[in-house]
Amino acid sequence: MKPNANISSYKPKERVTYQKIKEYVKEQTGLNIHTSYIAQIKEKCGLAKQYTYEKEDGRRVAKCPPEKEAAIMDAFRHFGWI
């Protein structure tokens, strides 16, 4: 029997971060996106957010433009979130 035969070959899935999504969108489309846009689209898709995109004084940041929303949705599909 090989010495390492009982060691599992299991490798956990790599965690998808907002930074990885931003890099993917930049590579694919050349667009720079803000993390608040990712949070907005996650909320729209019913996914849990890392943090809120509301400002402390209650104001929200600008709404995600449609072309960036489409790019973020593509990234979500790529990483298996939707």
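Predicted model: local features only at pLDDT ≥ 70, side-chain atom pairs only at ≥ 80, totals over all residues.
Two residues count as being in contact here when they have heavy atoms within 4.5 Å of each other. Setting aside its neighbours within four places in sequence, Ile21 is in contact with Val16, Ile33, Ile38, Ala75, Phe76, Phe79 and Trp81.

In soluble globular proteins, nonpolar side chains tend to be buried together. Here the largest nonpolar core is made of 16 residues, and Ile21, Val25, Ile33, Ile38, Ile41, Ile72 and Phe76 have the most contacts inside it. At least two residues of this core come from each of α1 (18–29), α2 (35–45) and α3 (66–78). The largest share belongs to α3, which gives 5 residues.

Now let's see how the helices meet. Two packed helices are described by the angle between their axes and the distance between the axes. For α1 and α2, the axes come within 10 Å and cross at roughly 100 degrees, which means that α1 is roughly perpendicular to α2. On the α1 side, Tyr18, Ile21 and Lys22 make the contact, while α2 brings Thr35, Ile38, Ala39 and Lys42. Sorted by class, this contact has 4 nonpolar, 1 polar and 2 charged residues.

Finally, stay with α2 for a moment. Because 8 of its 11 residues are buried, α2 is largely enclosed by the rest of the structure. The buried residues are Thr35, Ser36, Tyr37, Ile38, Ala39, Gln40, Ile41 and Lys42, and their cover includes α1 and α3. After α2 comes Gly46, with a positive phi near 80 degrees.

Key:
Residues numbered from 1 in each chain as written. Heavy atoms only, no water. Core = buried A, V, L, I, M, F, W, Y, C linked by side-chain atoms within 4.5 Å. Buried < 20%, exposed > 50% of the residue type's maximum accessible area, 1.4 Å probe, protein only. Helix = DSSP H or I, 4+ residues; strand = E, 2+ residues; numbered from the N terminus. Axes fitted to C-alpha atoms, helices over the stretch in contact; angles between N-to-C directions. Parallel < 35°, antiparallel > 145°, perpendicular 65-115°, else oblique. Nonpolar A, V, L, I, M, F, W, Y, C, P; charged D, E, K, R; others polar.
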